Amino acid sequence: MQHKIQHILDQIDERKNELIELLKTLIEYKTPAPPARNTADAQKFIADFLEEKGFSIDMWDVYHNDPNVVGVLKGKQAETYKSLIINGHIDVAEVDESEQWDVDPFIPIVKNGVIIGRGAADMKGGLAGALFAIQLLHEAGIELPGDLILQSVIGEEVGEAGTLECCKRGYKADFAVVVDTSDLHIQGQGGVITGWITVKSNQTYHDATRRQMIHAGGDLFAASAIEKMVKIIHGLQELERHWAITKSYKGFLPGTNTINPAVIEGGRHAAFVADECRLWVTVHYYPNESHEQIIKEIEDHILSVAKADLWLKENPPTFIWGGKSMIVDRGEIFPSLEVDSEHSAVKNLAKAHYTVLHKEAIVDVSPTVTDGGWLGEAGIPTAIYGPGRLEHAHAVNEQLSIDQLIEYTKVILMFIYDWCHTKRE
Ligand SMILES: [Zn+2]
């Protein structure tokens, strides 16, 4: 059997032009998010591709014109052998009109050993390699004993939980690989949650009443919501510093756990005292923390800050956390993900990496976030492993090294084969 696998791996070199063409095809489908709602054709292409290779297809609209695709290749002895989810997002970062690309971002070209085009690194390269591996296994007549599930999801770039929808629909496996940009490192990640903190007065006052609410003898118990928000922001900074001092996680620079006051909205008009102020914050936390725990820490601290202010004590701030989409309800969650380097699948993936690259796989943490956290939160042991470098993701002239794409495709093929041939204990 090892001889047969070697023969298939050799084909990846011999047929690399087909792999490149497949990636080019994926890039040519324009799927930037925002604006999103543009992935239906690309998803149909992937669904048809998988169906031809014997997968049963589940395709459903998460949003109009943004369907998820899940293909399931039922294992021949699914009860006794391990199952695998390969997950990737089909949407790509937006292309701003001011970006100075050397080429049309959606007409990819090959130049100096790289493919240039939007999504090459993040993450149509990861998807193309996985699809090509599936094609080669299919053509070789390999029948996997364990289930293989490929998820092509929408909305990752705008915090839309296409992957969460797959989990809610009941898709599970013994292991999942998110083939997002990791430069072929095996990675976990920290988490991100956004939230809105609102300070609100239950009465609205004309600008002329300001003297009465801030000066001696005014006798009006009232306040500007904007000025009170300044106290909240200072409270967040205190907590941020406390976290930086007291928490750490291997692989992250100290103080990576930040609370960014990203957007502020408030007041209604110059003729009024601001009766409402809303602060949109982005919180980064470590892989061994949950967003529930982080929310509690922030709310506890900010409500304590509020208790020490005479007006905020009576008018405490309110909180709205997370959201389903940055473009629909202005909120998102990316749960954190810890990778267990002793897990048999991680060892198996590292072994495949070593066999192909003749270098030990690096197990570390991603400085960014992916959909891996949703799979982890659903109880599926998960790791991020994909081609491409983060400095190219979302960048002008986004690109992917063809050599790395080939290496990745070999590793993922070998891993699919080995893991789906591993017996359940
Ligand atoms: Zn990505």
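This is a short talk on the chain shown above, from its overall layout down to a few single residues.

First, the model is predicted. Keep that in mind throughout.

Let's start with the whole chain. It holds twelve helices and 16 strands. The C-alpha trace spans about 90 × 45 × 35 Å along its principal axes. Of the 425 residues, 47% count as buried. Now the contacts. Take those between residues at least 6 apart in sequence: 80% of them join residues at least 24 apart.

Next, one annotated region. An unreviewed UniProt entry lists residues 210-307 as "domain: Peptidase M20 dimerisation". In the model, that stretch is 45% helix and 18% strand. Its end C-alpha atoms sit 23 Å apart.

Two helices there deserve a look. Helix H7 covers residues 225-246, and helix H8 covers residues 291-307. How do they pack? Two packed helices are described by the angle between their axes and the distance between the axes. For H7 and H8, the angle is about 135° and the axes are 9 Å apart. The crossing is right-handed. Which residues meet? From H7, we have Lys231, Ile232, Gly235 and Leu239. From H8, they meet Ile298, His301, Ile302 and Val305.

On to helix H12, residues 402-419. Its 18 residues should span 26 Å at 1.5 Å a residue, and the end C-alpha atoms are 25 Å apart, so the two agree. Is H12 mostly covered or mostly open? Mostly covered: 15 of the 18 residues are buried.

Now the loop between strand S15 (382-384) and strand S16 (399-401). Glu391 lies in this loop. Glu391 has 11 C-beta neighbours inside 10 Å, so it counts as exposed. Its C-alpha atom is 9.2 Å from that of Ala121, 270 residues away along the chain. His394 is in the loop between S15 and S16 too. With 17 neighbours inside 10 Å, His394 counts as partly exposed.

Last, the backbone. Most residues other than glycine have a negative phi, and most peptide bonds are trans. His394 has a positive phi, near 65°. Asn65 also has a positive phi, of about 70°. Asn65 lies in the loop between strand S1 (56-63) and strand S2 (66-73), and is partly exposed, with 14 neighbours inside 10 Å.

Where are the cis peptide bonds? One runs from Ala33 to Pro34, with omega near -5°. Pro34 is in the loop between helix H2 (16-28) and helix H3 (40-52). Another runs from Asp122 to Met123, with omega near -10°. Met123 is in helix H4, residues 120-139.

Terms used: Residues are numbered from 1 along each chain as its sequence is written. This is a predicted model: local features need pLDDT of at least 70, side-chain atom pairs count only at pLDDT 80 or more; totals for chains, interfaces and linings use all residues. Helices (H or I, at least four residues) and strands (E, at least two) are DSSP runs, numbered from the N terminus. A residue is buried if 20 or more other C-beta atoms lie within 10 Å of its own, exposed if 12 or fewer, and partly exposed in between; C-beta atoms are placed from the backbone. The expected span of a helix is 1.5 Å times one less than its number of residues. UniProt positions are given in the numbering used here, feature names are shortened, and annotations may be inferred rather than shown by experiment. Axes are lines fitted to C-alpha atoms, for helices over the stretch in contact, and angles run from 0 to 180 degrees between N-to-C directions. A crossing is left-handed if the near helix is turned anticlockwise from the far one by less than a right angle, and right-handed if clockwise. Two residues are in contact if their C-beta atoms, placed from the backbone, lie within 7 Å.
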